[in-house]
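The sequence and the structure come first, my notes after.

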Amino acid sequence: MIGEKIAELRRTNNMSQEELADRLGISRQSVSKWESGQSLPDIEKLPLLSDIFHVSIDYLVKEDTVPAVQLSADEEPASQPEDTPYRDARFRDWEEAVRKTFFSAAPKEETEKYILRKEEAEEFIELRTRKGELVARSTAECVGSVVPVLIMAALSEGVSAVNESAVLLGVVGMFLMIAHAVSGFIRSAGIGSQYAFLDKTELLPEYDAEEVIEARCPELKQKSRSDAAVGVVLCILSVTPLLLAVALTELTDFTALLCVCVMFGMIADAVRRFVKAGFAAGIADRLMQEGDYAVKTKQQIDFKSIYWSVITVIYFSYSAVTGSWGTSWIIWVIARIAWPFVSGEKGSQQE
């Protein structure tokens with residue numbers, strides 16, 4: 001009950017979980033746990049919550065109570081000691097209004113942490129899912145673009161009315177499929193580009209956004225595993241048409257080409273599923289900040305790019321000066337071994 005009241009009062013005052021946590025001197029996760037009912041505020045925090053939201057402590061801890069009357073714009077707030085750990089709510093609202101008015105155009109990538117709203121989480125999932133489907137379909141078209149050529153070649157072998165020049169039609173079909181796939185890749189490039197900052201920015205989801213993440217990310221993970229599993233099965237079974245043709249019939253060029261067509265079709269569908277699985281897992285990892293998108297990994301992105309750029313310069317410079325291209329590859333091995341120690345990953349693992 002108290003968690004629901006805190007959440008309602010926070011939204012009424014247009015306050016994020018991060019802002020409330022800062023004024024209480026606690027972590028944002030603690031506020032999130034209060035609002036979700038996983039824990040209760042300490043007794044010493046109740047007077048602070050009462051003053052911040054201008055409600056009585058009875059309203060916070062008891063059911064069937066009404067909040068204290070909010071201060072009107074003409075009323076003066078009660079005097080506060082200088083060492084108070086919070087500021088008057090109206091001053092915070094003014095400061096927030098100034099920030100949103102004059103600094104809202106600042107690029108999100110410049111912030112070390114970003115408070116993610118529910119609408120943004122839902123839009124990100126929708127955009128990345130759509131992009132994944134488009135990229136997956138385009139990739140499958142590239143893999144399966146050889147099928148028109150194989151079909152026309154099979155017809156020229158098995159059907160007397162079709163001559164060998166019909167293969168040119170298959171080549172035209174192949175290039176049309178490739179062109180359509182390339183257009184798909186180009187169209188997908190701009191989808192969800194406004195959320196590129198999520199790859200390297202620490203996220204602080206609001207309570208509503210956390211609910212979306214907790215509900216949708218496990219579904220995305222499960223879908224990723226299912227698509228990947230089906231893709232593996234399709235790859236394994238893709239050779240079965242050819243094996244069955246060899247075992248049950250006398251294999252001719254016509255039959256062999258048709259079987260190869262089926263094989264490429266199954267592989268293309270498997271690749272499509274693999275790409276979709278990768279996108280689904282990437283969405284979940286970004287929002288849950290796991291794997292390659294964990295907070296610690298995000299903080300190392302810029303340093304990692306600089307590190308490997310320096311190693312590349314060293315490799316080419318040393319190889320060009322000494323001419324030892326055959327042995328200088330050892331630089332990459334040494335750099336890879338040194339990376340955990342340079343980046344601090346080794347120390348964090350030992351902890």
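Below are my entries, topic by topic.

**Ground rules**

I am working with a predicted model, in which local features need pLDDT of at least 70, side-chain atom pairs count only at pLDDT 80 or more, and totals for chains, interfaces and linings use all residues. Residues are numbered from 1 along each chain as its sequence is written, and side-chain values use heavy atoms, with hydrogens and water left out.

**Entry: cysteines**

I looked for disulfides, taking a pair of cysteine sulfur atoms within 2.5 Å as the criterion. The count came to zero. I then checked Cys261. Its closest cysteine sulfur is in Cys259, at 9.1 Å, which is too far for a bond. Next I asked about burial, where buried means under 20% relative accessible area, exposed means over 50%, and partly exposed is in between (1.4 Å probe, protein chains only). Cys261 is buried, at 8%. Cys217 is buried too, with a relative accessible area of 0%.

**Entry: aromatic rings**

I counted ring pairs next. The rings of Phe, Tyr and Trp (its six-membered ring) pair if their centres lie within 6.5 Å; planes under 30 degrees apart are stacked, over 60 edge-to-face, and the rest tilted. I got five aromatic pairs. One of them joins Phe124 and Tyr195, edge-to-face, with 5.8 Å centre to centre and 75° between the planes.

Where do Phe124 and Tyr195 lie? Phe124 is in helix H7 (residues 118–144), and Tyr195 is in the loop between helix H9 (167–189) and strand E2 (202–205), so the pair ties together parts that are 71 residues apart in sequence. For these elements I use DSSP runs numbered from the N terminus: helices are H or I with at least four residues, strands are E with at least two. I also noted that Phe124 is buried, at 2% relative accessibility. Tyr195 is buried as well, at 5%.

Tyr195 has another ring partner, Phe197. That pair is tilted, 6.4 Å centre to centre with 35° between the planes. Both Tyr195 and Phe197 are buried. I wrote down one aromatic cluster here, formed by Tyr114, Phe124, Tyr195 and Phe197.

**Entry: a charge over a ring**

I searched for a charge sitting over a ring, meaning NZ of Lys or CZ of Arg within 6 Å of the ring centre and within 35 degrees of the ring normal. Lys5 lies over the face of Tyr59, at 4.5 Å from the ring centre.

**Entry: salt bridges**

My rule was a side-chain nitrogen of Lys or Arg within 4 Å of a carboxyl oxygen of Asp or Glu. The count is 14 salt bridges.

Arg117 bridges to Glu119 at 3.2 Å, N to O. Arg117 is partly exposed, at 37%. Glu119 is also partly exposed, at 48%.

Arg130 meets Glu126 at 3.3 Å, N to O. How far apart are Arg130 and Glu126 in helix H7? They are four residues apart, and therefore separated by about one helical turn. Arg130 is partly exposed, at 41%. Glu126 is partly exposed, at 40%.

Arg273 pairs with Asp227, the closest N and O atoms being 3.4 Å apart. Arg273 sits in helix H12 (residues 253–288) and Asp227 in helix H10 (residues 207–237), so this bridge ties together parts that are 46 residues apart in sequence. Is Asp227 buried or exposed? Asp227 is buried, at 8%. Arg273 counts as partly exposed, at 22%. I also traced a network of salt bridges that links Lys223, Asp227, Asp269, Arg272 and Arg273.

**Entry: nonpolar surface**

I looked for patches, which are made of residues with over 30% relative accessible area and no salt bridge; like charges are joined within 9 Å, nonpolar side chains (Val, Leu, Ile, Met, Phe, Trp, Tyr) within 5 Å. Areas come from the Shrake-Rupley method with a 1.4 Å probe, and for residues only the protein chains shown count as cover. I found a nonpolar patch of about 620 Å², made by Trp329, Ile330, Val333, Ile334, Ile337 and Phe341. Phe341 is in helix H15 (residues 330–343). It is exposed, at 56%.

**Entry: His54**

I located His54 in the loop between helix H4 (45–53) and helix H5 (57–61). It is partly exposed, at 22%. Its C-alpha is 9.6 Å from that of Leu9, 45 residues away along the chain.
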